[in-house]
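Please open the model in the viewer and keep a selection panel at hand. The stops below are given in the order in which they may be selected.

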Amino acid sequence: MRLRGGAAIAVLVMLSVAGCKQETTGSGDAGPEATTGTGSGGSGGGAALTAAESLTVKGRAPKTGYSRERFGTAWADTDSNSCDTRDDILKRDLKQVKFTDGDCKVSYGVLESDPYSGKEVVYKRGASLVDIDHLVALSDAWQKGAKYWDASKRIALANDPLNLLTVGASPNRSKGDGDTATWVPPKAYRCTYVAAQVAVKKKYGLWVTSAEKAAMVKVLSTCSKQALPTGGNPTNAPARFHAQ
């Protein structure tokens, strides 16, 4: 897996740069913290809990036929901003960003607080300690509806900022392709994380297993007024993109 505390309003600032310059904050499209909420603690849930309770429950379909290529070329520029998706998310989530050329290819940045470990992680291109996590893993999506989609919708999911988050590589790889029933991050980020998974599954019409839904409801029931993230890209990629 890569790629992919409490919810906050994402600050989306893009600076015009040339050569190797710095940004003071991340930029790009709305990600999983694009709406307000209170994070962990409290009781009674909120919009995220209501959405989780509305998700369709079915059994997990076989993984037969899954491959990364079924979701298109990795990090396709589906928003047509001339930067690939990976660099868009790095720019959005990292601080002290530097570029190797123009304002697209990120060469350096600092993940000031990894959502999955709480630690500071330094990104250096070619020797990266960060991943871009698909919050809803592509193989999980495949087994819960995506295998029946056309390629355009699968490509959109793989590159949607709502489903992508810069995280430390080590904890991300312990997640694998798990869903909420099998893996959640530490408590400080748990409400935000589960709300984001719910938002992606709701947006794309993916179903959940009974164990997964129970785990989502259990977490979100402890999150006072947890908002449901919104935004990201359209659910169909431009026609010029193709997948196997």
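**Before selecting.** The model is predicted, so to speak of local features a pLDDT of at least 70 is needed and side-chain atom pairs count only at pLDDT 80 or more, while totals for chains, interfaces and linings use all residues. Numbering starts from 1 along each chain as its sequence is written, and side-chain values use heavy atoms, with hydrogens and water left out.

**The whole protein.** Colour by secondary structure: the protein has seven helices and five strands. Helices (H or I, at least four residues) and strands (E, at least two) are DSSP runs, numbered from the N terminus. Along the sequence they follow the pattern α-α-β-β-β-β-α-α-β-α-α-α. Of the 244 residues, 51% are buried (under 20% relative accessible area, with a 1.4 Å probe and protein chains only).

Together they give an open sheet of three strands in the order β1-β2-β3, with antiparallel pairing (two strands pair if DSSP finds at least two bridges between them). From one strand to the next, the twist averages 10°.

**A residue in α2.** Centre the view on Thr 85, which lies in helix α2. Is Thr 85 buried or exposed? Thr 85 counts as buried because its relative accessibility is 5%. Leaving aside residues up to four places away in sequence, Thr 85 touches Trp 75, Ala 76, Asn 159 and Leu 164.

**The helix pair.** Finally, select α1 (residues 47-54) and α7 (residues 210-220), which pack at an angle of about 165° with their axes 9 Å apart. α1 is therefore roughly antiparallel to α7 (the term applies to angles over 145 degrees). On the α1 side the contact is made by Ala 48, Leu 49, Ala 52, Glu 53 and Ser 54, and on the α7 side by Lys 213, Met 216, Val 217 and Leu 220.

Notes
Axes fitted to C-alpha atoms, helices over the stretch in contact; angles between N-to-C directions. Parallel < 35°, antiparallel > 145°, perpendicular 65-115°, else oblique. Contact = heavy atoms within 4.5 Å. Buried < 20%, exposed > 50% of the residue type's maximum accessible area, 1.4 Å probe, protein only.
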